[in-house]
Amino acid sequence: IPEPQSPVQLYFRTRTGTPPPEQAWWHVLRIVRDTVSDLMEAPMSGSDLCRLATGMAEAIRPTATQARSGPAEDPSKTEWPQTRPVEEIWLRRLIVAHQLHAMLNIHAAWALHEAAGKLRDGKHHGAAECLNRACRFVQGFTAARAQALSVPNFFYEETLRPTMLPPLTTAPLSGRMHLEYRAYREALEDVLDLMPESSEELVVTQPALALARERLLEADLIEAERHVTGIEPLVGSDRSLIQTSKSTDNAISMLRRIRRQRASSASQFVRFPDRDGTVDADM
């Protein structure tokens, strides 16, 4: 098993590397199995269940590309008894759903790498298909985060939060430490650099590609919005794990700022961007 590359990987029992295709395949199936077993008890919405199922189904498609995926969980630390206290169910949910989240991050990043390659080769139809696949992964890992956060706020505050801070970790856990998610964001930036045209410009010559890009960016924006609404019930007005008492932000205000930045960056690529001002009368 590879060594963890960040405190987050150590905490959530994830690893990244380049395992043989068959080994990678079994790791994917293991994560899917663990996720499905928790979904029998997790309070999830129907729409999230559908998106989780779609993302997982896309991940287990037996193609050479998907065989490249990771990360792998540490098998010695993810075996759980069939009958267990509710606190163990909640802890297992946090770990398993974060493993799924990381796995779908990697799949989304790889789909975007494929899209970039096809764009460079002028294969616009293939690039659009890759962007649509990436969109399904983004919707899937958005739902995976919702699953991970489906725990009571008192359990998060009294039990989980202290385990994410020193001295129980080497450093306060931060979203910046999620290497798999960073790989997705970097791949998304690369793809957008290859398609600088506005929505109106690109749709004239490549409508399918323009709409696939829009769907992906809308899913990415929803992911940021769901992060805000998923975290707020657990942390309220508290600061994040890495913010100090001198910070002028708390966890929610920082997440809202990230959401605004994404909306601003995506505005030229979508038909219905965020606009400042009053709400239209027909709303």
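Contact means heavy atoms within 4.5 Å. Buried means under 20% relative accessible area, exposed over 50%, and partly exposed in between (1.4 Å probe, protein chains only). Helices (H or I, at least four residues) and strands (E, at least two) are DSSP runs, numbered from the N terminus.

This is a predicted model, in which local features need pLDDT of at least 70 and side-chain atom pairs count only at pLDDT 80 or more, while totals for chains, interfaces and linings use all residues. Residues are numbered from 1 along each chain as its sequence is written, and side-chain values use heavy atoms, with hydrogens and water left out.

**Helix 7**

Helix 7 runs over residues 179-194. Its 16 residues should span 22 Å at 1.5 Å a residue, and the end C-alpha atoms are 23 Å apart, which agrees. The expected span is 1.5 Å times one less than the number of residues.

The buried residues of helix 7 are Glu180, Tyr181, Tyr184, Arg185, Ala187, Leu188, Val191 and Leu192. They lie on the same side of helix 7, because they cover an arc of only 160 degrees around the axis. The arc is that of the directions from the helix axis to the C-beta atoms. Exposed Glu189 and Asp193 sit on the face turned away from the buried side.

What covers the buried residues of helix 7? The cover includes helix 1 (7-12), strand 1 (14-15), helix 4 (86-120), helix 5 (124-148), helix 9 (207-235) and helix 10 (251-266).

**Helix 6**

In helix 6 (residues 153-163), Phe155, Tyr156, Leu160 and Arg161 are buried. Their arc is only 145 degrees around the axis, which puts them on the same side of helix 6. Helix 1, helix 4 and helix 9 are among the elements that cover them.

**Cavity and pocket**

On a 1 Å grid over the protein atoms alone, a cavity is a set of points where a 1.4 Å probe fits but cannot get out; a pocket is an open set with protein on both sides within 12 Å along at least five of seven lines; lining residues have an atom within 4 Å of a point.

| Space | Volume | Lining residues |
|---|---|---|
| Largest cavity | about 60 Å³ | three nonpolar, five polar, one charged |

The whole structure holds one cavity of 30 Å³ or more. Its lining includes His98, His101, His178 and Glu180. Helix 4 gives the largest share, four residues.

The largest pocket is lined by 32 residues; Ser174, Gly175, Arg176, His227 and Leu255 lie nearest its centre.

Notes
Points joined across faces, edges and corners; volume = space filled by probe spheres on them. Nonpolar A, V, L, I, M, F, W, Y, C, P; charged D, E, K, R; others polar.
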